[in-house]
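Let's take a walk through this model, stopping at a couple of helix pairs and a pocket. Keep the 3D view open as you read.

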Amino acid sequence: MTDYDDTVNEFDRQEAAGNGFEPRDGAAATVNDMLNAGDSGDEGGLVIPEELSLLTLRDMVLFPNMVVPLHSPKQSAVQLIDDLAVAGNRIVGLVAQKDPDIEEPTFQDVYTVGIAGIIRMMLKMPDGVRLMVQTIGRIQIVGPIQTSPYLKARVRVVPDAPLLPEAAIEVEAMKRNIATLFQQMVTLSNNLPDELQAIPMNVTDPNLLADLVAAHSPLPTPEKQQVLEEFSIEARLKRLLSLLSREIQVLELGSKIQSEVNSEVGKMQREYYLREQMKAIQRELGESDERANEVEDLRQKIAEARLPPEAEKEANRELERLARMPSAAPEYTVSRTYIDWLVTLPWAKSTEDNLDIPEVRRILDEDHYGLEKVKERILEYLSVKKFKTDGGLRHPILCFVGPPGVGKTSLGKSIARALGRGFVRMSLGGVRDEAEIRGHRRTYIGALPGQIIQSIRRAGSDNPIFMLDEIDKVGADFRGDPSSALLEVLDPEQNSTFRDHYLEVVFDLSKVMFITTANMLDTILPPLRDRMEILEISGYTEEEKSEIARRHLIPKQMQEHGLQEGVHIEWAKEGILEIARGYTREAGVRNLEREIAAICRKVTRQFAEGRTEKVLVDREAVVAYLGAPRFQFEEVLGRTSQPGVAVGLAWTPVGGDVLYVEATAMPGDHTLTLTGQLGDVMKESAQAALSYVRTHAEEMGIPPEFFRKHDIHLHVPAGAIPKDGPSAGVTMVTALTSLATGKPVRKALAMTGEITLAGRVLPIGGMKEKVLAARRAGIRTVILPARNRKDLMEDIPEELRQEMTFHFVEDIQSLLRLALDSEEYPGVPAEPVGAGDARG
């Protein structure tokens, strides 16, 4: 530990008083003799002994030719000085510790290269011993002698290596660079006195220059030790030059940062001073200040916003509070933002609906093909609004339910365009925080209104078309249930008094026309589902897809790819139909649009490479551009060629699909095994199907011992996909009967329907999706429950009814006569006996 000022001041005081310093008992004369010898300045013939006592240094590296005051509070240092005085020796070894936190270092804790020094003065104090030491040369520890009470070692003197003539020029160059860098470092550093810049000008010896520069540079202890351990002058100068260059870069960067900070602080002080001057000038001229202008501007906006009484009262109350508040107060910005939200909301701004019914119909037909149910509902709403002139009209809350890609979201935009209203959309997929609907209370930092109020402000009117997308994918967690918050928003009886947590005033949502979209209804909260008018949008037929592609998808993709109809490309009807039939199997048209875009890209590339002839996209061109068709019809024919396999139809959230039911028998003790990741309802249907077949085995010609001597395994492929529902009952009973009788199911035949143990076939839902799935798979004959006949007439297009054959059955016997490929079952009449209402 080093304390220059205290040590030097104490030496001066004692010298002026003429006092000496008393060492421990028995050592006074020797110490005084040593100090007197030091004062004489006679050091002729001084030799550094081969054995030296070592004084360890913390956070300090000494170099030769220095006079340094030292202070050590350790008792071992006092013992070392007393022993030197007794021995009449004033030369000590000075080595740096590797870790300054070690109180009693060993030889492993100190560096092996240090400095030999002569003790010029010594002063014992209550807090330890203080020394004035003159360093004389480098030493290197050869081996230890003792470790207690202090370190003592054998050393060898390391003299300065002579400068070789051939290295003189290089040494001189490095010496000049070091001198320049050191002077630059003194200039940049606030901790180095300017007098140090004289060192390079007055020292010519390179060894002395390197040691002095290293000693006075603000380098870490390990780096200073590296310079001390370089015995060659060339290597020492190179090492020092590298360390100084890096230190200069650090100091320059620090200086730059400090300059930027000072500049910014100075700018802020200048702006504050000018602002205060401006306020003083305005007061002298009788002008109002900026803050008063801001308050008056807000007051004017409140008057112009036509706020309801409750909102106006709250806005004026907050404005008065703002006027009394200092602009630097934390609450100032909160109040200012709150007033801005109140005055910018469209409290009394409405758009006028387009009540020209034919024009609205034209716009809806222009934007979307088909979707007649939705279009009819919108036209009915406008007709009632046009016809009813007195009183208000309750806006419907519509919910479009259908598979992805059928145009639910784009239909909302089209409705807004047809009605002449603004359109805003909020995606509810993954929303789990109730505050997304109702907003945060103003007590929270950074609070804002919910997305409902934010979207109304973006719309700029109080009667926009507000689309809540993916309402079936709303989640719930510890932050609340957004579905419950939507109960008020989507209730026409309550949303006229909607109160956002941030605004804390009533906002009327009754003029907003809310439209929600969903892929399935099962995940929607039942009370929320009850508040909405459900409009199901089924998948498209191949003809509808072709027409949508011709009217909308192809023009859109041609425009995006820079192609012109009739100039670069021409689309044949069979080519479009081939894309929809062979390359897509979906309820919507997203994949169809992707395939059309792929053809447009390839055609664009051909013209970019020099083609000049127009491209005709027919069936052969589609195969050339897109490769072999991905979906073939041969799969159904191949899989139903053996007994025990039947084709069923299923409804999924993304449209309909075909499923295969496979039954096999093996010797065993009449157990039933079900595989294919079936749900409970589907397992019960399989049990019911087996029970019916076993009960009527004799009527069907099945041997009585078949079920007693065989295990039955019923499997529904695509085992990774969960399956459930009762509509596969007819398929399972057909597969089991086919297996037991050995009669295969008729080719290209699919079926759907729920069964009972009494042999009845019950109606099912999702019929259009299932029929479209059958057609996409190449199936042209479908067996349906008799009570679904009216659904067929309402939901299935006329061209599809003409193209496909539909059989309606009321019981399982009629089903088996139609399904099994046997001469014994010639068929049933086309008209079933009795037809009721279809069940959803």
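Start with α13 and α14, which run roughly parallel to each other, because an angle under 35 degrees counts as roughly parallel and their axes cross at roughly 30°. Keep in mind that this is a predicted model. Helix α13 covers residues 372-387 and helix α14 covers residues 408-419, and their axes come within 12 Å. The crossing of α13 past α14 is right-handed. If you want to see who touches whom, α13 brings Val374, Ile378, Tyr381 and Leu382, while α14 answers with Leu411, Ile415 and Leu419. That contact is made of seven nonpolar residues, with no polar and no charged ones.

Besides α14, the elements giving two or more residues to the lining are α19 (542-560) and α21 (590-608).

Now move along to α24 (residues 680-695) and α25 (residues 729-741), whose axes are 9 Å apart and meet at an angle of about 40°. That angle makes α24 oblique to α25. This crossing, too, is right-handed. On the α24 side, the contact uses Met682, Ser685, Ala686, Ala689, Leu690, Tyr692 and Val693; on the α25 side, look for Gly729, Met732, Val733, Leu736 and Thr737. Sort the residues of this contact and you get nine nonpolar, three polar and no charged.

How values were computed:
Residues numbered from 1 in each chain as written. Predicted model: local features only at pLDDT ≥ 70, side-chain atom pairs only at ≥ 80, totals over all residues. Heavy atoms only, no water. Axes fitted to C-alpha atoms, helices over the stretch in contact; angles between N-to-C directions. Helix = DSSP H or I, 4+ residues; strand = E, 2+ residues; numbered from the N terminus. Parallel < 35°, antiparallel > 145°, perpendicular 65-115°, else oblique. Left-handed = near helix turned anticlockwise from the far one by under 90°. Contact = heavy atoms within 4.5 Å. Nonpolar A, V, L, I, M, F, W, Y, C, P; charged D, E, K, R; others polar.
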